Amino acid sequence: MDVDEALGRWRGLAPETGSGPGSAPRHVLLEGFHALKHALRFGAVVPVALCADRAGALELAAELAPDLEGVLAGLLVEVDAETLRGLVARPHPTGVAALAERPDPVGVEAALRGVRRTPVVVLDQPRHLGNAGAVVRLAAGFGASGVVTTGPLDPWHPTVVRGGAGLHFATAVAPLEVTELPDGPLFALDPEGADIRGLTLPDDALLAFGSERHGLTAELRARADQLVALPMRPQVSSYNLATSVGMALFHWASASGAAPA
């Protein structure tokens, strides 16, 4: 693909990357080499990928993703840095950007509602886009079945995808209402809950986390089967959201045969 064809394809697809709630954009923006690498590893369809330094990007591939060297060599199209800045509001330091097809929502929902051997993380009314992305990255690393958000935040917003380093494609990510959550025992993290160290979290659990400022909503608390608390020193207000998710997933993984090795 030459430069003109790549830019034409980009400009034709970029309007489909809207990030409003319920918009379900057809394509999502992948910012940076690592986001593109992860998306490709987990089956993303990438119709166009641009870079400001093709030789440098392929050097990264040789060092960090030799399994994708051939794919990236055939995919990456070099454009000048100014052109890239005109297409991407905040170019990544690696100078790589791509557009990927968003997974079919029907398939995502089927993955969430099917037989699950690992938990689903539920973010109840999250506020911070970067934190939501970090949670997706954690969930993918632990092999979680999915990440669900309630409320207006779009978990496929470009900033969330950037924070998740492209690992949205490694798990099932979807916005749902509390009434639409998948089946399974729901353990909601709350300071008033039982100490998580005394519990074994089942593999098909839903692990729900409120926002750092407001905690769980009343609707989510009412849906929970059990409130669970993380150990925390007195007078410390809270953990970062991604930290809380990582602690809970590690607790699950330490006792589960379904966790990644």
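Ser 211 is counted as buried, with a relative accessibility of 9%; buried denotes under 20% relative accessible area, exposed over 50%, and partly exposed in between (1.4 Å probe, protein chains only). The structure is a predicted model, in which local features need pLDDT of at least 70 and side-chain atom pairs count only at pLDDT 80 or more, while totals for chains, interfaces and linings use all residues. Residues are numbered from 1 along each chain as its sequence is written, and side-chain values use heavy atoms, with hydrogens and water left out.

Ser 211 is located in the loop that runs between strand S9 (206-209) and helix H9 (218-223). Helices (H or I, at least four residues) and strands (E, at least two) are DSSP runs numbered from the N terminus. Apart from residues up to four places away in sequence, Ser 211 touches Asp 124, Gln 125 and Arg 127, contact being defined as heavy atoms within 4.5 Å.

Strand S9 also contains Leu 206, which is buried at a relative accessible area of 0%. When neighbours within four places in sequence are set aside, the contacts of Leu 206 include Arg 116, Val 120 and Val 122, the residues Leu 181, Pro 182 and Asp 183, and Arg 223. The C-alpha atom of Leu 206 is separated by 9.6 Å from that of Val 147, and the two residues are 59 residues apart along the chain.

Glu 78 belongs to strand S3 (residues 76-78) and is partly exposed, its relative accessible area being 39%.
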